[in-house]
Amino acid sequence: MQHKVIDAKDVVIRFAGDSGDGMQLTGSLFANMSAVYGNGLSTFPDYPSEIRAPKGSLSGVSGFQVHIGNTKLSTPGDFCDMLIAMNPAALKTNAKWLKRTALVLINENAFDATSLAKAGFKDDPFKELNIEDRTIIIAPISKLTEDSLKDFSLDSASVQKCRNMFTLGMACFIFNRPIEYVFDYIDGKFAKKHPNMVEPNKKVLKDGFNYASNIQAVADTYIVEPAHLDKGKYRNITGNQAIAWGFLAASERSSLPLFCGSYPITPATSILEELSWHKNLGVKTMQTEDEIAGICTAIGASYAGNLAVTTTSGPGLSLKSEALGLAVMTELPLVIVDVQRAGPCTGMPTKTEQTDLNEALYGRNGESPIVVMAAHSPSHCFDMAFQAAKITLEHMTPVILMSEGFLGNGSEPWKIPNMSDYPEIHPHFVDNSVETYYPFERDEKTLARYWAIPGMAGFEHRVGGLEKTHQGVLSSEAENHAMMVRERAEKIERIADFIPELVVDGNKQGDLLVLGWGGTYGHILSAVSQVREEGRDISFTHFDYINPLPKNTKEVLSSFKKILVCELNSGQFASYLRSKFPQFEYIQCNKIQGQTFLVQDIIEAINRI
C-alpha cells in the first residue's frame with residue numbers, strides 16, 4: 001500500500017504504559033531524535049505517584065508527552081495526535097487526551113480479560129471510552145517482539161523489556177524519524193556493561209519500523225520539517241539540568257567553588273545528581289541524611305566562601321525553614337531551589353503545581369524577607385539559576401528559586417550560550433585594605449553587608465542566630481532590633497534596582513492584561529496568541545521576579561481595565577498582588593489538579609471576562 005506523507009505543522013505523541021514498560025525512555029528518545037533533526041520541541045513526563053503500583057493498575061500508568069513542530073513551541077500540547085497505550089490501564093487513563101483525528105496504537109497481547117477487568121473495562125474498551133471513531137492500530141507487540149528475538153539467547157523478561165523499542169520503531173516510521181539516532185543511543189547505553197543487548201534492541205527497533213511500513217492500518221505518515229530557530233548550537237535540556245548548569249556557569253563567572261548540600265526528594269533529585277557528575281569543575285556535592293542537614297551544610301559552605309546551594313521540594317522547604325531564618329539573620333549568600341509538587345505534605349509527589357509560593361514568601365518565623373524568583377521554561381531555568389547566584393553573592397541574602405515538576409522534568413531545545421555574554425559576578429567580599437571590620441557594616445547603595453571568610457587574618461568575627469549590632473556585638477536592645485529588621489527588609493527592596501522591569505507583550509495599555517508567573521508562561525503565551533488571531537486585543541506579561549517585584553509593576557497594572565491572573569494554585573500570587581497593590585481588581589484563573597494548564601483553560605477564562 002502506498003502511504004500518503006502529510007506535511008504537518010506540529011504533532012503531539014503520548015507514550016503510556018506500566019512503570020516497567022519503558023515509556024519514559026521511549027518518549028525521551030523520540031524527543032531527543034526530534035531535537036537532533038531540528039524540530040521545535042516541548043515535553044511533559046507524567047510519572048505515577050506510586051513507586052511500585054500493581055502491574056496493570058490505573059495508578060501505575062506512566063506517560064510521556066512529546067510535542068514537535070516546525071516552529072519554536074512553548075507547551076507540550078493540550079491533546080495528542082497519537083497515543084501509544086501498552087495496556088488497558090494506559091488506554092483508559094489517557095483516552096481523554098485524544099484529538100478527534102487521533103491515531104491509537106495498542107499492544108493487543110496486553111488486552112486480555114484479566115488486564116481489561118483490572119482497568120475497569122467490561123467488554124469493549126473502545127466502545128466504553130467512546131473512541132471507536134479514532135484510527136486504532138491493534139498490533140501484537142509482545143508476540144512480534146518475541147518473534148523478532150527468537151534467535152537470541154535471552155530470557156523472557158529481557159525479551160519483554162524490548163517491547164518499547166518495537167513501538168518506538170513504529171512511531172519512527174509513522175512520523176518519519178531517523179532511527180540512526182537510536183542506534184547511537186543503544187551503542188552508548190549497552191556496549192560496555194550489556195553488550196549482549198545491543199543487537200537485540202537494534203533488531204527490534206528495525207522490525208517495528210518495518211512492521212509499520214507494511215501493515216494496511218497505517219494509511220498516512222507525517223513529516224514535521226525542522227524549525228527555523230536562531231542560528232547556533234542547540235541541545236535538548238530539562239529544567240533540572242539547566243538549573244545545575246546555571247550554577248556551574250555562576251561558579252565560573254564568580255570564581256568561587258560550587259557546593260550543593262541536599263537530600264533527595266522528588267522532583268528535585270536530578271539537580272543534585274547532575275551536579276555530582278562535575279567534580280572535574282571543582283563542584284562539591286553532599287547527599288545528606290535529611291533536609292535540615294542539607295541546608296545546614298550549605299550554610300556552612302557559604303560561611304567558608306563557597307557559592308552554596310541546596311535543592312528541595314515543598315515538604316523539604318518546610319523542614320528548611322528554621323535554617324533559612326539563620327541564613328537571613330547571618331546575611332549569608334545561599335540559593336534554595338524549590339521544584340514544586342502537588343501538596344500538602346506528601347500530596348502527589350510526581351505531579352506539578354505552584355502551591356509553594358506563600359511558603360517561599362512567608363514560611364519563616366519573625367521578619368524574614370527573602371528574594372523569591374521563578375523560572376518560566378526548562379531552558380529559562382539556566383538563566384534564572386545564574387541570576388539567583390548573582391543576586392545572592394552580590395547582595396548577601398538568601399534567594400529562593402522556584403521551579404516546578406513540569407519544568408524540572410520537561411525539556412525543550414536550548415541554544416548553548418557563549419559564557420562571555422554573561423556578566424561577571426562580584427561576590428561582596430570585604431576589601432583587604434579595611435583597617436577595622438564590622439560584620440554588619442553595610443554598603444551604602446545596596447545595604448549588603450561585607451563578606452569575610454575564615455582564613456582572612458584580622459577579619460575574625462561572629463555571626464549567628466542571635467540579633468547583633470553593626471559591630472557584631474550581641475544585642476537585645478529594642479531600637480537596635482528594629483533598625484536591623486528595617487535594614488534587612490530595605491536591602492531586599494533595593495534589589496529591585498538590579499532586576500529587569502516587566503515587559504508587556506502587546507499594547508502597553510488596554511482592556512485586559514493576562515499575567516502569570518513560573519511555568520504557566522508557555523500556556524498563557526499560546527492562549528493569548530490564539531485569542532489575538534480572532535481579532536481581540538489583549539496583552540500579556542509574566543513575573544520572573546516576585547520579591548521584590550519589578551519597579552514598574554504598579555505602572556503596568558494601572559494601564560489596564562481588567563487583570564487576569566493565571567496560576568496553578570488557589571490564588572496565591574493574586575493575593576500577593578492584592579496585598580501590594582490593593583487599588584486594582586484581580587480576576588483569577590486557577591487550577592489545582594497536579595497538571596499543567598491546558599491552553600483551552602486560559603482561552604475559556606479570557607472568554608468569560
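This is a predicted model: local features need pLDDT of at least 70, side-chain atom pairs count only at pLDDT 80 or more; totals for chains, interfaces and linings use all residues.
Residues are numbered from 1 along each chain as its sequence is written, and side-chain values use heavy atoms, with hydrogens and water left out.

Let me stay with Pro417 for a moment. Is Pro417 buried or exposed, or something in between? Buried means under 20% relative accessible area, exposed means over 50%, and partly exposed is what lies in between, computed with a 1.4 Å probe on protein chains only. Pro417 has a relative accessible area of 24%, so the residue is partly exposed. If we count contacts, meaning heavy atoms within 4.5 Å, and set aside residues up to four places away in sequence, Pro417 touches Phe382 and Tyr422. Asn164 is 253 residues from Pro417 along the chain, and their C-alpha atoms are separated by 35 Å.

Tyr263 is another loop residue, placed between β10 (258-262) and α11 (269-276), and because its relative accessibility is 34%, Tyr263 also counts as partly exposed. Not counting residues up to four places away in sequence, Tyr263 touches Thr288, Glu289, Asp290, Glu291 and Thr311.

Now for two buried residues. Thr43 belongs to strand β3 (residues 40-46), and with a relative accessible area of 1% it is buried. Which side chain does that of Thr43 join through a polar contact of 2.8 Å? The partner is Ser411, where a polar contact is a pair of N or O atoms within 3.5 Å; within protein, one must be able to donate a hydrogen and the other to accept it, and residues adjacent in sequence count only if both atoms are side-chain atoms. Ser377, found in the loop between β14 (371-374) and α16, counts as buried at 12% relative accessibility, and its side chain makes a polar contact of 3.0 Å with the side chain of Glu412.

Next, the nonpolar cores, each a set of buried Ala, Val, Leu, Ile, Met, Phe, Trp, Tyr and Cys residues joined through side-chain atoms within 4.5 Å. The largest has 93 residues, of which Phe247, Met373, Leu515, Ile546 and Phe573 touch the most other members. Helix α16 (residues 380-395) gives the most to this core, with nine residues. A second, separate core has 48 residues, including Leu41 and Leu103.

Finally, helix α5 (residues 141-148) packs against helix α7 (residues 163-174) at an angle of about 105 degrees, with their axes 9 Å apart. Axes here are lines fitted to C-alpha atoms, for helices over the stretch in contact, and angles run from 0 to 180 degrees between N-to-C directions. That angle makes α5 roughly perpendicular to α7, a label used for 65 to 115 degrees, whereas under 35 counts as roughly parallel, over 145 as roughly antiparallel and the rest as oblique. The contact is made by Ile141, Ser142, Leu144 and Thr145 of α5 with Arg163, Phe166 and Thr167 of α7.

Terms used. Helices (H or I, at least four residues) and strands (E, at least two) are DSSP runs, numbered from the N terminus.
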